[in-house]
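Me: Let us go through this structure by question and answer. Keep it brisk.

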Amino acid sequence: MAPHSNAKYKPVWVFFVSFGIWSSVWAVTRYSIPEEMKEGSVVANLAADLGLSVGGLNKREVKLDILNGKKYLEINKETGELYVLEKIDREHICNMKSSSCLLKMDVTIENPIRIFNVEFEILDINDNAPRFRKQTMHLDISESTLPGERFSLNNAVDPDMGSNSIKTYHLSESEHFNLEIQSGSDGSKYANLVLKKALDREKQAVHNLILTAVDGGVPARSGTASIIVRVLDVNDNAPQFDRKIYSINVTENTPIGSLVLRLNATDLDEGSNAEVSYSFMLYTSEKVQDMFELKSNTGELKVKGVIDFEEIQTFEMHIQAHDKGYDQLSGQCTVIVFVTDVNDNHPIIAITSLKNTVKEDVPIGTMIALIRISDRDSGDNGMVDITINEHLPFLLNKSSENDFALVVSESLDREKVAEYEITLVVTDRGMPPLSDNETITLEIFDINDNAPQFPKSFFTIPVMENNAPGSLLSSLAAYDPDLHENQYLVYFIIEKEIVNTSMSMLFSINPENGDLYALKTFDYEREKEFLFHIEARDSGVPPLSSNVTVHIIIVDQNDNTPVIVSPWSAHGSVVEEVIPRSIDKGHLVSKVIAIDGDSVHNSRITYQFLQLTDATLFSLDQYNGEIRTMRMFSYRDARHQRMVVLAKDNGDPALSATVTIKLSTVEQAVKVYSDTMEVPLEYDIFSDLNLYLVISLGAVSFLLLMTILVTIVLKCQKPKPTKAAPPVCRNSIISQRNSTIADSTLISSDAYWYSLFLAETRKGKVVVRQPVPKAGYLISSIPRSTGLTETSESAASTLQVRI
């Protein structure tokens, strides 16, 4: 192959060596060529240097040796020039440690054969930069190493030779290190790392350096390597806490196991020199260590026991942190735990002095109890208020901050409240508040401050007449709210005389229970009521008493039979009457009047015919007893008429009486004049009474005797004056009860005790006077005009009727 015409050739040094050798080899040719010549570069004109004809080379075969499997050079047969066929790398062909690089090859030319020895000296050029075997070098240097210490570094290599090889080393800037360069016997350069300043791992644990190797070529080439210096730790730093003193607030009753604080001590060292362990120092009290637990590996401070503010308010603990280096170092801190109070204690009531009993008349202000209150909490949690749970007659007087006196504030009354349950309630001011209570039982002793009390101030007791002696009338028990002997009652009848008769002779009361008894049988017709007082007295000292008014009312029984007082018959129950035969219809023939000694109900009288000669001729009014003609007499009517009239009271069973009237009729009318002087009831004068009736009945002497007797009785009685009548004599007795006169018919409720009864008929006035008891009735009858004649008069008569 011919080289390129424009190729530039470097200088080639040619050396000729002549030897006396075989005839085929007559000379040695040496060339010096630089390495790395470009392909095609002409090395030399081998034909000229060997004395060969250029034209003959085309006809002759030229061969060059192959070196190391490569053919680096070739001859241009047209020009005879030797040129570079493949780039020559001196470092690849020759040993890098060799100072010279010589390539020997034979050039063989045939026809005829000739062998030429050619030597090529490959000249080095600076085509290789220094290179370190390791791009990164690691050095471990203890921070305790003293300055001046040397550390060998890996040297760099450069395949180039001579001035192109490594000339020097450079180190990146560092305050701790510098380089020391040494030369080997072969001229190689070595670098040592020298410590010029002490290392501190805690400040800088790793130093990164750059080592640069520079050759002597022109231009110079260089190579670099990293030096990583790891500073080895020594235990030269003690653990340090964040703070010297920790202040922590912990609430009392914090659950066991709760985290209070996580301590953190830091050690600038590393490895075991930086591993920290926590512990209580010796002068931390055992009490504190019982309350708190310290985790040695984590520094966690946790609650170990029950924290009670009322026992300890502040905990102080001294804690150290030490590393695990060969020579252990430690740091200390103080932890102060302030316990925060919570409202976990109930208020307390203490009763230091107590009266369980007092009299009900105890003065206001009397002390019942001394009370002290307290609360183990603090602040508002320990401030206590005390009250009484309800309105009671007691008051709390404050004597000091926590002392109170329970006193009587109102008058006590055992009869209203015999025993007090005084509940004292204490409440603190915490949130939420806690409270407690204490109950005091106070018994009230009785005093005799209540008089016996009757259920009523006035008792009206009805008693049926004809009662059995000793019968119970009523119970008049009184009530005394006091107790014991103050409650034991005794009953008395307050003495009172009625008509010289003591109440104790009529009535008796049981002194223990107040049962009232009748001692005699009562008769309504004689005694209708009694009014007296009963006293109840307790057994207290002094005794108290009260009385009640008792009104005994005798209730009437139907025990009196009606008495017919008109028409009056002195000879039994048969009365003879004479009437004109010429009377008209509706003429009043007679009037039956009956009286009854019982009360109003039992004394109401009704009348009826039992027998009648002619039922068509006469009628009888059942209420007033009037007998009247129902028609005029005829010639066929009998001259004598007989009628039996029954007077019946309203009692149960009813009592009755009868009267027989024989009626005779006459043809001519007979006038009867009666000049009647009616004596008022209130006047006790009988001298003017007409006694003709008595003369006609043939009992003049008997009636005079009775008149005198009645006059004497009336003189001995005291009448009650009325507005309508003048005063009566002192011997008259007028009943307080009322009597009723209707249509001349007397209806009396209390005939036995009445002063008088008046019944008026057309035949005359009937005056009934009451004699002394059991003496009977005195009846004065003054006949009136019959209406037949104005001239006929009949004498008055006085009759006595016994009951």
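The questions below go from the whole chain to single residues.

Me: How many helices and strands does the protein chain have?
Reply: This is a predicted model. The protein chain has 803 residues. Its secondary structure comes to eight helices and 58 strands.

Me: What share of contacts between residues at least 6 apart in sequence join residues at least 24 apart?
Reply: A contact here needs heavy atoms within 4.5 Å. Among such pairs at least 6 apart in the protein chain, those at least 24 apart make up 64%.

Me: What percentage of the residues of the protein chain count as buried?
Reply: The accessible surface comes to about 42,300 Å². Carbon and sulfur atoms hold 52% of that surface. Buried means under 20% relative accessible area. Of the 803 residues, the buried part is 44%.

Me: Which residues have the most contacts inside the largest nonpolar core?
Reply: In soluble globular proteins, nonpolar side chains tend to be buried together. The largest nonpolar core here has 30 residues. Elements that each supply at least two of its residues include strand S7 (102-109), strand S8 (114-123) and helix H1 (46-50). The residues with the most contacts inside this core are Leu73, Val107 and Phe120.

Me: Which residues does Phe120 contact, leaving aside neighbours within four places in sequence?
Reply: Phe120 is one of the residues with the most contacts inside the largest core. Leaving aside those sequence neighbours, its contacts are Tyr31, Ile33, Val43, Leu73, Leu82, Cys101, Leu102, Leu103 and Met105.

Me: Which cysteine does a disulfide join to Cys94?
Reply: A disulfide needs two cysteine sulfur atoms within 2.5 Å. The count by this rule is one. Its S to S distance is 1.4 Å, and the partner of Cys94 is Cys101.

Me: Is the link of Cys94 and Cys101 right-handed or left-handed?
Reply: Cys94 has a relative accessible area of 14%, so it is buried. Cys101 is buried too, at 1%. The angle about the S-S bond is 65°, and the link is right-handed.

Me: Is Glu535 buried or exposed?
Reply: Glu535 sits in strand S42 (residues 529-538). Its relative accessible area is 15%. The cut-off for buried is under 20%. Therefore Glu535 counts as buried.

Me: With which side chain does the side chain of Glu535 make a polar contact?
Reply: Not counting residues up to four places away in sequence, Glu535 touches several residues, among them Tyr491, Phe492 and Asn547. The polar contact of its side chain spans 2.7 Å, and the partner is the side chain of Arg537.

Definitions and conventions:
Residues are numbered from 1 along each chain as its sequence is written. This is a predicted model: local features need pLDDT of at least 70, side-chain atom pairs count only at pLDDT 80 or more; totals for chains, interfaces and linings use all residues. Side-chain values use heavy atoms; hydrogens and water are left out. Helices (H or I, at least four residues) and strands (E, at least two) are DSSP runs, numbered from the N terminus. Buried means under 20% relative accessible area, exposed over 50%, partly exposed in between (1.4 Å probe, protein chains only). Accessible areas come from the Shrake-Rupley method with a 1.4 Å probe; for residues, only the protein chains shown count as cover. A nonpolar core is a set of buried Ala, Val, Leu, Ile, Met, Phe, Trp, Tyr and Cys residues joined through side-chain atoms within 4.5 Å. A polar contact is a pair of N or O atoms within 3.5 Å; within protein, one must be able to donate a hydrogen and the other to accept it, and residues adjacent in sequence count only if both atoms are side-chain atoms.
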